[in-house]
Amino acid sequence: MRYCGVDISAKPANQHLVTLHERRGADGQELVATFYEPGPVADVARTILGFGGEAVAAIDAPSGPRLDLLAAGEPLRTQLHLPVGRYERMRVCDALLFRRRLPLYPVPSADQALTRWEQWMTVGFELFAELEALELFRPGAAGLLEAPVGDGALRFGRLCETYPDAVFCALLGHRPSPKRTPWGLQQRIAALRLRGVVDDDGGLWHRTLDELDACAAAYAAYALAAAHGCWVGDPREGVIVLPTSGLADRYDPLPPPARAGLSVSRRPPSST
């Protein structure tokens with residue numbers, strides 16, 4: 001089985017693919033990471049589809065536009081106890097994560113033109129379309145908006161949306177430091193390695209931030225296949241898969257490190 005993760009970029013030729021496959025190691029089962037050179041959507045899709053029925057894929061991008069299921073007056077607002085005026089322009093999956101302090105980019109509705117900074121989403125839509133043969137994961141759970149993926153989840157689809165920032169939060173149990181800080185990078189690498197992810201070429205330390213996000217997405221694909229994950233959202237609109245059996249109520253950062261105070265200069269009183 002190949003568990004594939006893709007980090008989407010606004011640059012057409014800069015899509016990052018990482019795959020994981022199982023291997024028996026000295027300490028038990030390992031998930032061996034293979035990192036591919038960045039490339040266009042067509043090449044990434046061709047590589048994933050080349051694995052045939054062995055491929056399960058997770059993409060770091062919205063799987064489709066917003067359906068306005070949380071617009072003013074919609075019944076889901078009452079079900080989710082949403083305050084008036086909030087979350088109206090979010091997908092259900094995004095609102096469920098945002099309330100846990102896992103904010104995502106807002107997704108436009110189907111009849112809304114994308115702004116320039118949102119163009120990267122069209123690249124994600126394109127990749128989901130190219131991988132249509134895998135079938136988008138839509139859990140058959142009438143009335144539910146979040147649940148464990150359960151055994152046999154792949155019968156509902158082998159292609160899913162995920163969100164690497166939330167993947168790392170779910171694995172760590174808290175919000176890590178920003179990924180461009182040394183401690184934030186170390187936490188993300190540790191989260192993957194503690195789950196058995198191995199990189200035979202540098203132990204993940206030589207990889208870019210985009211590659212680590214793609215690796216986190218691949219781990220979400222593994223969680224979908226291995227029944228180690230959960231999903232959130234409305235299946236009509238699209239759900240997000242994360243590698244935990246259930247999400248915490250919220251994900252907060254750890255307390256900041258201690259810092260000593262500076263000596264404060266004390267000016268003598270003015271003679272005037």
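## R91 and its surroundings

Let's start with R91, which, once neighbours within four places in sequence are set aside, is in contact with P62, S63, G64, R66, L70, V107, E161, E237 and I240. Bear in mind that this is a predicted model. As for where R91 sits, look in the loop between helix 2 (75-79) and helix 3 (92-98).

Is R91 buried or exposed? Its relative accessibility is 1%, and buried means under 20%, so R91 counts as buried. The side chain of R91 also has a polar contact with the side chain of D94, at 2.9 Å.

## Strand 8, inside and out

Now over to strand 8, which covers residues 230-234 and is mostly covered itself: 5 of its 5 residues are buried. In a regular strand, side chains alternate between the two faces of the sheet. Here, C230, V232 and D234 point one way, while W231 and G233 point the other way. Both sets are buried.

## Who pairs with strand 8

Strand 8 has strand 5 (residues 146-148) as a partner, with 3 bridges joining the two in an antiparallel arrangement. Across that pairing, A147 stands opposite W231.

Which residue of strand 9 is the bridge partner of W231? That's V241. To get from strand 8 to strand 9, the chain goes through a hairpin of 3 residues.

Key:
Residues are numbered from 1 along each chain as its sequence is written. This is a predicted model: local features need pLDDT of at least 70, side-chain atom pairs count only at pLDDT 80 or more; totals for chains, interfaces and linings use all residues. Side-chain values use heavy atoms; hydrogens and water are left out. Buried means under 20% relative accessible area, exposed over 50%, partly exposed in between (1.4 Å probe, protein chains only). Helices (H or I, at least four residues) and strands (E, at least two) are DSSP runs, numbered from the N terminus. Two strands pair if DSSP finds at least two bridges between them. A polar contact is a pair of N or O atoms within 3.5 Å; within protein, one must be able to donate a hydrogen and the other to accept it, and residues adjacent in sequence count only if both atoms are side-chain atoms. Contact means heavy atoms within 4.5 Å.
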